[in-house]
Structure formats: structure tokens, C-alpha cells
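Please look over the structure below before reading on. My notes follow as numbered points.

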Amino acid sequence: MIRTYQAADQGRLLELLRLNTPAYFAPEEEADFIRYLGLHPDEHYVWEENGIVLGCAGGNWYPNSDDGRVSWFIVDPNTQGKGVGMKLLGHCLDQLRTNPKTKVIIVRTSQMAEGFFARGGFKTVLKEKDYWAPGFDLVYMEMRVKW
């Protein structure tokens, strides 16, 4: 089941982030994730099964823009490859498409998750080496919204 993030989920989401560090995230990204959750609680979603949160993802609008973004996709390593991430992505895209002004949906990710987002329909536009941390490149990807 996908539901909106609640403050009580933060501990579990930090646990999931740590389980995915350093495979997908640099340790120094944790503070950014905590800050993000505080700023976007209503635009972040969790996947829960049998009372256990197995993943999360955000779908937000850029300030002063009609562009949407997906962010902070984290899935329990034991659940990866079972469709949770793609279902969360689909949910975020559906939320972002509720705004008829949305023209582009953006994801800023790393080279470790580039393939996942490419499978979800995103195209790589730009790469910047060591952007997030040493060994964690920025991969800027876009999806044009068709109305």
C-alpha cells in the first residue's frame, strides 16, 4: 500500500537510507534527506506492507515553476527488484500529472540509479562527476509530460 509520509516514519526511512549506503547514497546525504522530509512531508510517499515500510519516494513541484520532480527513492535492499520502486515511481508521476501545467518531470540522481529511472521513462540530459560526494555523480534526467 502506498500512503503519504508521516513524521513517525522518519526513523524507518533513515534505517532504509543507511541500508542503501554506500551502495546508492553517500553518508553525508543523510542530513539533506532529513531536511527534505521536514520541508515536503505531504509530497513524500511510503510503501508499506504488513505494517512495515519497505520504501519511499517523493513527488514535488519546483518552486516558482510548473516542472515537477521525483526525489529520494529508497527501497529496502531485500525488496529491490520486486516492483516496489516502479510502483512508487508510478504513484509520484500520477501525483505530478494532477497539475495540468506540468510540462517536464525531473529527477536528479546518481549513476547508481540512472538505469532504474531510464526504465521508468526518463532520459539523461546532463552528468556531473562527484556532485553528491566523491564517486557519486549527478545524473540529471527528464521526462516530458504529454497531455
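1. Where is the place of Thr79? Thr79 sits in the loop between strand 4 and helix 3 (84-96). Helices (H or I, at least four residues) and strands (E, at least two) are DSSP runs, numbered from the N terminus. Thr79 counts as buried because its relative accessibility is 10%. Buried here means under 20% relative accessible area, exposed means over 50%, and partly exposed lies in between (1.4 Å probe, protein chains only). Leaving aside neighbours within four places in sequence, Thr79 is in contact with Leu54 and Val84. Contact means heavy atoms within 4.5 Å.

2. A word on the basis. This is a predicted model, in which local features need pLDDT of at least 70 and side-chain atom pairs count only at pLDDT 80 or more, while totals for chains, interfaces and linings use all residues. Residues are numbered from 1 along each chain as its sequence is written, and side-chain values use heavy atoms, with hydrogens and water left out.

3. On confidence: pLDDT is the predictor's confidence in each residue, from 0 to 100. The protein chain averages 93. At least 70 is reached by 99% of the residues. Among the elements of the protein chain, helix 1 has the highest mean pLDDT (98) and strand 3 the lowest (93). Where pLDDT is low, the predicted coordinates should not be read in detail.

4. Seven strands form an open sheet in the order 1-2-3-4-5-7-6, with mixed pairing. Strand 1 (2-4) and strand 6 (123-133) are at the edges, each with a single partner strand, so one side of each has no neighbour in the sheet. Neighbouring strands are turned by 25 degrees against each other on average, direction ignored. Two strands pair if DSSP finds at least two bridges between them.

5. Strand pairing can be checked bridge by bridge. Strand 1 and strand 2 (residues 44-49) pair antiparallel over three bridges. Thr4 has Tyr45 in strand 2 as its bridge partner. Strand 2 and strand 3 also run antiparallel, joined by six bridges. Here Glu49 has Ile52 in strand 3 as its bridge partner. Strand 3 and strand 4 pair in the antiparallel sense over six bridges.

6. Two hairpins deserve a look. Strand 3 and strand 4 form a hairpin with six residues between them. There, Asn64 in the turn has a positive phi of about 60 degrees.

7. What covers helix 1? The cover of its buried residues includes helix 2, strand 2, strand 3 and strand 4. Those buried residues are Arg12, Leu13, Leu14, Leu16 and Leu17. Note the arginine in that list. Strand 3 is mostly covered too, with eight of its ten residues buried.

8. Next, the aromatic pairs. Rings of Phe, Tyr and Trp (its six-membered ring) pair if their centres lie within 6.5 Å; planes under 30 degrees apart count as stacked, over 60 as edge-to-face and the rest as tilted. By this rule the count is seven aromatic pairs. The Phe25 and Trp72 rings have centres 5.7 Å apart and planes at 15 degrees, so this pair is stacked. The pair links distant parts of the chain, 47 residues apart. Phe25 lies in the loop between helix 1 (10-19) and helix 2 (30-39), and Trp72 in strand 4 (residues 68-75). Both Phe25 and Trp72 are buried.

9. Phe116 and Phe117 make an edge-to-face pair, 4.9 Å centre to centre with 80 degrees between the planes. Phe116 and Phe117 are both buried. Phe73, Phe116, Phe117 and Phe122 form one aromatic cluster.

10. Last, the cysteines. How many disulfides does the structure hold? The structure holds zero. A disulfide is a pair of cysteine sulfur atoms within 2.5 Å. The sulfur of Cys56 has its closest cysteine sulfur in Cys92, 9.3 Å away, too far for a bond. Cys56 counts as buried because its relative accessibility is 0%. Cys92 is likewise buried, at 0% relative accessibility.

Notes
Axes fitted to C-alpha atoms, helices over the stretch in contact; angles between N-to-C directions.
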